[in-house]
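Let's go through this model by question and answer. Take a look at the fold first, then read on.

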Amino acid sequence: MGEAAAGQGVLRIELDAIVANWRDLGARHGAPCAGVVKADGYGLGAVPVARALLAAGCRTFFVAHLTEGFVLRAGLGAGPEIIVLNGFPPGADEQAGLMPVLNSLGDVAAHAAAGRAEGRPRPALLHLDTGMSRLGLDAAEQAALAADRSRLTGLDLRFVMTHLACADEPAHPLNAAQAARFAEAAARIAPGVPRSFANSSGLFLGPAYRSDLARPGCALYGINPTPGVANPMRQVVTLEVPVLQIREIAAGTTVGYGAGYTAHGRLRVATVAAGYADGYLRSLSGRSLALFQGRAVPLIGRISMDLTTFDATEFPEMRPGDRLMLVGGPGNTPDDIAARCGTIGYEVLTALGPRYLRAHVGGA
Ligand SMILES: *Cc1c(COP(=O)(O)O)cnc(C)c1O
């Protein structure tokens, strides 16, 4: 673990908790789980996260972009499967042993033709859209492929996959509809090919959502995959940021841009070295808190690009150089923070900026 520079925040990432979450999800699934490490491992560091999962037995990783795949391959070496969800750009050749997801009939045609030309089937995943209307073969493309499966000649299909739209809402009727569409289409188009179905929340929906390879992401990182029910996952991150200055201001004095906060009486203002440029979302202005020695310190005023102010009046012992925990701790998880500003824990994590020292601990 590196040393934080003066004034630098420390994002601490418990690799053992990520591994424990992965094992727990695998046990619930009763079948293998991949590790989804797109967006730099949801902001926490794709390579260290994937190395820890690899050491624990994970053999398949999902990224979104080809460039993320290159970084991960360089970090992991040969061996584990690395699958690129967004596919390869047109004309891209086989890339560092990475595997593309084929998201359209055009992708199928291009990769199958290349495989036939090379006389060596191209490994790939086939993505069937069953309700997202985003990527993946739509219903018409699926019908065309089912009617002429010779189009798959030249491909070594490792998995056929689909993605749930409403897995975090167990009662949503689209879940069962997607399960039925997937089962039916996969049997027609790719009989005998292993299937990949559930994301984190999908793992909790029951046996109809089991497959040969689940694709959990958020739950690995401690985000609650079962909203409305107690979080079954272990927490993974804390973010501690140093106090740069503390000052006393008089009643009537304002704090920050827009004079967004006015002191009602004498007030101690603690200014910390993180702002919206670091992913401390500006929409949290006036509606979040940090923890100091386990106690809540209210956020006051507007979050600036590089600085945020807190009301330290109740903490006469706080000094510059002390650290406030902006993320993590009881009542201040990424999900808690997301709820205060109308977003989801995924966004809180993936927004975490590059200026923090990422301190990965455990995971040997
Ligand atoms: C991001 C993603 C996942 C992981 O989803 P979580 O909700 O984070 O578990 C799985 N599959 C696909 C296709 C994805 O894009």
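Before we start: buried means under 20% relative accessible area, exposed means over 50%, and partly exposed is in between (1.4 Å probe, protein chains only). This is a predicted model, where local features need pLDDT of at least 70, side-chain atom pairs count only at pLDDT 80 or more, and totals for chains, interfaces and linings use all residues. Residues are numbered from 1 along each chain as its sequence is written, and side-chain values use heavy atoms, with hydrogens and water left out.

Q: Is Lys-38 buried, partly exposed or exposed?
A: Lys-38 sits in helix H2 (residues 38–42); helices here are DSSP runs of H or I with at least four residues, strands are E runs of at least two, and both are numbered from the N terminus. Its relative accessibility is 29%. Because that value falls between the 20% and 50% cut-offs, Lys-38 counts as partly exposed.

Q: Which modified residue does UniProt list at Lys-38?
A: The record is an unreviewed entry, and such annotations may be inferred rather than shown by experiment. UniProt positions are given in the numbering used here, with feature names shortened. For Lys-38 the entry gives N6-(pyridoxal phosphate)lysine.

Q: Which residues does Lys-38 contact, leaving aside its neighbours within four places in sequence?
A: Contact means heavy atoms within 4.5 Å. With those sequence neighbours set aside, the partners of Lys-38 are Phe-62, Val-63, Ala-64, Glu-68 and Leu-85.

Q: How many residues surround the ligand?
A: A residue is counted if one of its heavy atoms lies within 4 Å of the molecule. The closest are Lys-38, Tyr-42, Ser-200, Cys-218 and Tyr-346.

Q: How much of the ligand's accessible area does the protein cover?
A: Start with the polar contacts, pairs of N or O atoms within 3.5 Å (within protein, one must be able to donate a hydrogen and the other to accept it, and residues adjacent in sequence count only if both atoms are side-chain atoms). A ligand oxygen is 2.5 Å from a side-chain N or O atom of Ser-200, a backbone N or O atom of Gly-217 lies 2.8 Å from a ligand oxygen, and for the side chain of Tyr-346 the distance is 2.6 Å. On its own the ligand has 390 Å² of accessible area (Shrake-Rupley method, 1.4 Å probe; for residues, only the protein chains shown count as cover). The protein covers 92% of that.

Q: Which residue has its side chain joined to that of Glu-118 by a polar contact?
A: Glu-118 is in helix H5 (residues 105–118) and, at 38% relative accessibility, counts as partly exposed. The polar contact is 2.8 Å, and the partner is Arg-122.

Q: Which residues of helix H4 are buried?
A: Helix H4 spans residues 66–76. Its cover includes helix H3 (46–55), strand E3 (60–63), strand E4 (81–84) and strand E5 (98–102). The buried residues of H4 are Leu-66, Gly-69, Leu-72, Arg-73, Gly-75 and Leu-76.

Q: How far apart do the C-alpha centres of domain 1 and domain 2 lie?
A: Domain 1 is 15–221 and domain 2 is 237–332, with bounds from an automatic or database domain assignment. The C-alpha trace of the protein spans about 80 × 40 × 35 Å along its principal axes. The separation between the two domain centres is 41 Å.
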